[in-house]
Amino acid sequence: MEKEIRISYHKQENGGKHRALNNGVTHANYDYIYIIDSDDYMTEDAIEKINEWISEISTKPNLAGVSGLRGRLTKSGYEIIGQFPSQKRYVDATNLERIKFKLLGDKAEVYKRDILLKYPFPEFNGENFLSEEAVWNKIAADGFKIRWYGEIICICEYLEDGLTKNSSDEMRLKNFSGYTYTQKLNAHRKPFPYCAFSIGEYIRLGRKKGLSNREITNKLEVNILSFYLAIIVNNIRRLVNIFRK
């Protein structure tokens with residue numbers, strides 16, 4: 001006989017994914033939270049793997065959760081999205097250390113419920129989009145790591161109207177307070193040159209918003225040296241990308 005799955009359904013006004021997550025975490029009955037989008041589905045052995053991984057970190061309070069890989073279905077099987085270091089079963093690293101450990105790309109994170117209750121998503125009036133890194137990087141900045149495993153547990157089919165494909169300038173401008181919050185965190189917590197990339201992107205979008213240089217530096221809480229250094233670093237980055245093409 002197959003086991004039943006109990007579903008607790010709570011309806012709320014559409015205020016964006018981050019508000020839904022804040023509400024959902026408070027109603028959850030289990031110790032770990034896995035967030036899965038409507039255009040994704042889990043592999044048949046995903047729950048078994050997650051339970052195994054959770055048991056391996058149960059005595060490690062510095063770990064905020066575990067993560068598997070996301071993949072896409074191809075004619076030859078599953079293909080990994082993003083990166084994972086070869087010859088490694090897992091890597092312990094914060095979300096801010098993913099570049100260092102070759103963990104780029106979307107991952108399938110499973111966070112401890114207690115952590116998500118402690119670090120809710122900020123909510124800004126009139127805005128309905130906030131990047132998940134606003135919270136993931138705050139958790140990382142406080143020293144909590146994730147144990148990243150090199151096995152696919154989630155298959156993604158990015159929809160044309162989905163959040164991943166539509167994190168455009170227009171969306172960021174409509175949700176500018178949340179974007180400011182995220183980029184200010186990145187400007188102060190990401191290692192160089194990635195902090196400069198964040199500042200440079202904010203400068204570009206801030207100017208579209210009509211902000212002056214002083215307003216931009218005040219919102220990011222960075223000095224004028226960091227401001228101009230970010231412009232130089234991003235110009236070099238653009239030139240490198242042009243030559244690579």
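Biologist: Where does Lys-102 lie?

Modeller: Keep in mind that this is a predicted model. Lys-102 is in the loop between E5 and strand E6 (107-112).

Biologist: What makes Lys-102 count as exposed?

Modeller: The cut-off for exposed is over 50% relative accessible area. Lys-102 has 53% relative accessibility, so it counts as exposed.

Biologist: And what is phi of Lys-102 near?

Modeller: Phi of Lys-102 is near 60°, which is a positive value in a residue other than glycine. Most residues other than glycine have a negative phi. Gln-87 is another case, with phi near 65°. Gln-87 sits in the loop between strand E4 (77-80) and E5.

Biologist: Why is Gly-71 called buried, then?

Modeller: Buried means under 20% relative accessible area. Gly-71 has 0%, so the label applies. Gly-71 belongs to strand E3.

Biologist: What does Gly-71 touch, leaving out residues up to four places away in sequence?

Modeller: Gly-71 touches Glu-79, Ile-80 and Ile-81, along with Ile-152, Cys-154, Ile-155 and Cys-156. There's also a C-alpha to C-alpha distance of 8.9 Å between Gly-71 and Lys-107, which are 36 residues apart in sequence.

Biologist: Which residues of the largest nonpolar core touch the most other members?

Modeller: That core has 25 residues, and the ones touching the most other members are Ala-64, Tyr-111, Ile-115, Leu-116, Trp-136 and Ile-139. Helix H1 (17-27), strand E3 (63-74), strand E5 (90-93), helix H3 (113-118), H4 and strand E7 (145-156) each give two or more residues to this core. Another core lies apart from it, with 16 residues, including Tyr-179, Leu-205, Ile-216 and Leu-220. In soluble globular proteins, nonpolar side chains tend to be buried together.

Biologist: Back to Ile-139: what does Ile-139 touch, not counting residues up to four places away in sequence?

Modeller: Its partners are Ala-64, Tyr-111, Ile-115, Leu-116, Tyr-119 and Phe-144.

Biologist: Why are H6 and H7 called roughly antiparallel?

Modeller: The axes of H6 and helix H7 (residues 194-208) cross at roughly 155° and come within 8 Å. Angles over 145 degrees count as roughly antiparallel, and H6 and H7 therefore get that name. The crossing of H6 and H7 is left-handed. By class, this contact has seven nonpolar, five polar and one charged residues.

Biologist: Which peptide bond is cis, with omega near 5°?

Modeller: The one from Phe-192 to Pro-193. Most peptide bonds are trans. Pro-193 lies in the loop between H6 and H7.

Biologist: Last one: what makes H7 and H9 roughly perpendicular?

Modeller: The axes of H7 and helix H9 (residues 224-244) cross at roughly 95°, coming within 8 Å. The range for roughly perpendicular is 65 to 115 degrees, so H7 and H9 are roughly perpendicular to each other. Their contact includes Phe-197 and Ile-203 of H7 and Phe-227 and Ile-231 of H9. By class, the contact of H7 with H9 has eight nonpolar, three polar and three charged residues.

How values were computed:
Residues are numbered from 1 along each chain as its sequence is written. This is a predicted model: local features need pLDDT of at least 70, side-chain atom pairs count only at pLDDT 80 or more; totals for chains, interfaces and linings use all residues. Side-chain values use heavy atoms; hydrogens and water are left out. A nonpolar core is a set of buried Ala, Val, Leu, Ile, Met, Phe, Trp, Tyr and Cys residues joined through side-chain atoms within 4.5 Å. Buried means under 20% relative accessible area, exposed over 50%, partly exposed in between (1.4 Å probe, protein chains only). Helices (H or I, at least four residues) and strands (E, at least two) are DSSP runs, numbered from the N terminus. Contact means heavy atoms within 4.5 Å. Axes are lines fitted to C-alpha atoms, for helices over the stretch in contact, and angles run from 0 to 180 degrees between N-to-C directions. Angles under 35 degrees count as roughly parallel, over 145 as roughly antiparallel, 65 to 115 as roughly perpendicular and the rest as oblique. A crossing is left-handed if the near helix is turned anticlockwise from the far one by less than a right angle, and right-handed if clockwise. Ala, Val, Leu, Ile, Met, Phe, Trp, Tyr, Cys and Pro count as nonpolar, Asp, Glu, Lys and Arg as charged, and the others, Gly among them, as polar.
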